[in-house]
Every structure is written in structure tokens, then in C-alpha cells.
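Dear colleague,

I am passing on a structure for you to look over, and my notes follow below it. Please read them beside the coordinates.

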Amino acid sequence: MLIEGVDDLMHFCVLLSIIVRVAVSRFPYSGAGKPPMYGDYEAQRHWMEITVNLPPNDWYKNSSENDLMYWGLDYPPLTAYHSYLCGRAAKWINPNWVALNTSRGFEGYYHKIFMRSTVLVSDLIFYIPLILYWSIVQRPWNLRNKAIAAGLCLLYPGLILIDHGHFQYPLHYMIRKKDFS
């Protein structure tokens with residue numbers, strides 16, 4: 001326990017941030033039902049398709065099986081492996097979700113729940129613990145200010161709207177391929 005009251009405030013901030021993320025994810029995402037590219041939702045789904053069906057050496061190469069003009073993978077390998085892990089889970093649940101070249105534009109109800117869940121789980125595994133570590137361990141503030149800083153970071157609307165409304169993963173904007181070029 002941090003300190004009575006501050007500990008409660010930290011728990012409240014984390015819980016509220018999760019509730020807000022789930023609420024935002026209930027709304028449509030950009031590109032929903034709009035062929036031929038279908039928006040970032042389709043980009044994320046397609047990257048899962050590519051990473052689970054092709055060897056890593058082919059993830060970034062244009063070929064008949066990997067048309068780079070159709071949402072070519074443009075993130076570094078760390079995020080590609082994140083797509084791979086999510087894609088393995090998708091393939092285990094329903095192989096049609098990530099079937100090579102035949103699943104383009106797939107937007108089924110249960111798949112949307114799966115995709116939204118993968119974004120929330122990514123936040124729970126990567127982003128939220130990182131913010132808690134930063135605010136609790138790395139900041140030389142008093143405990144009340146640490147809880148406020150964590151709450152502000154966890155409830156930052158820009159990230160919540162991009163991750164859960166527009167459809168991205170927290171890991172993907174933390175490390176972009178172009179940042180390493």
C-alpha cells in the first residue's frame with residue numbers, strides 16, 4: 001500500500017482509464033466498412049495475417065503473397081512480432097480471420113471484439129504498467145502528485161482515442177520504423 005487515500009486514488013485512476021478505454025472502443029473506428037483499405041483496423045488485421053502466414057524474412061518484401069501497397073508492414077520487427085502474437089491468437093480462435101489474401105476487409109462482430117480486446121490487453125501489459133512504474137518509481141514527487149501524474153497519463157484523451165477509437169496499439173506508436181531510418 002502506498003499511502004491510504006493515495007493508493008485509492010491510484011487504483012481509481014487505473015480503473016477509470018480502463019472503463020474509458022472500453023467505452024471508447026464501443027464506437028466505430030475510422031475506415032469501418034469503407035473498401036478498399038478499410039482503415040487502421042484492417043491494417044492491424046492484415047499485419048496479423050502476414051506475420052502468421054509468411055516467414056519473418058518475407059514480412060517486409062513485396063511479393064504475390066505480400067502486396068506492400070495493401071497495408072504493407074511499415075513498423076519495426078518488435079511491433080511485427082506483436083502482430084504475430086495477436087495473429088497466432090486470432091488463428092487459434094478462427095483461422096478465417098487471418099487467412100492469407102482471402103481475409104481482406106474482414107470485419108465480423110466477434111473479430112471486432114477480439115481486435116478491441118487485443119488493444120486493451122496491450123495497454124494492460126505494456127502501457128499501464130509503464131506509466132505506473134514511471135510515476136511511482138521514477139518521479140521524485142510526493143505520493144499525491146505521483147497519483148495525479150499517473151492519472152493524467154492514463155486518461156490522456158489523445159492516446160485513448162487513437163488506440164481505442166481510431167485503432168492502434170500502444171506499442172506501435174512507441175516505436176515506429178521511420179524513427180530508426
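The largest nonpolar core is made of ten residues, namely Y29, Y41, M48, V52, C86, A90, W97, V98, F114 and M115; a nonpolar core here is a set of buried Ala, Val, Leu, Ile, Met, Phe, Trp, Tyr and Cys residues joined through side-chain atoms within 4.5 Å, where buried stands for under 20% relative accessible area with a 1.4 Å probe and protein chains only. At least two residues of this core come from each of α2 (39-53), α3 (77-93) and α4, and α2 provides the largest share, with three residues. Apart from this core lies another one of nine residues, among them M10, V14, I131 and L154. Within the largest core, V52 touches Y84, G87, R88, K91 and V98, if residues up to four places away in sequence are left out, a contact being heavy atoms within 4.5 Å.

Please keep in mind that this is a predicted model, in which local features need pLDDT of at least 70 and side-chain atom pairs count only at pLDDT 80 or more, whereas totals for chains, interfaces and linings use all residues. Residues are numbered from 1 along each chain as its sequence is written, and side-chain values use heavy atoms, with hydrogens and water left out.

As for the chain as a whole, it has seven helices and zero strands, helices being DSSP runs of H or I with at least four residues and strands runs of E with at least two, numbered from the N terminus. Of its 181 residues, 41% are buried, and among the contacts with a separation of 6 or more, 75% are between residues 24 or more positions apart.

The largest pocket holds about 350 Å³ of space (a pocket is an open set of points on a 1 Å grid over the protein atoms alone, where a 1.4 Å probe fits, with protein on both sides within 12 Å along at least five of seven lines; lining residues have an atom within 4 Å of a point). Its lining consists of 15 residues, and S25, R26, K112, I113 and R116 are those nearest the centre. Both α1 (6-25) and α4 (109-138) supply at least two lining residues, with α4 giving the most, six.

Finally, an unreviewed UniProt entry places the feature "transmembrane region" at residues 113-136 and 148-167, although such annotations may be inferred rather than shown by experiment. Over residues 113-136 the model is 100% helix and 0% strand, with the end C-alpha atoms 32 Å apart.

Best regards

Conventions. Grid points are joined across faces, edges and corners, and a volume is the space filled by probe spheres set on the points. Buried means under 20% relative accessible area, exposed over 50%, partly exposed in between (1.4 Å probe, protein chains only).
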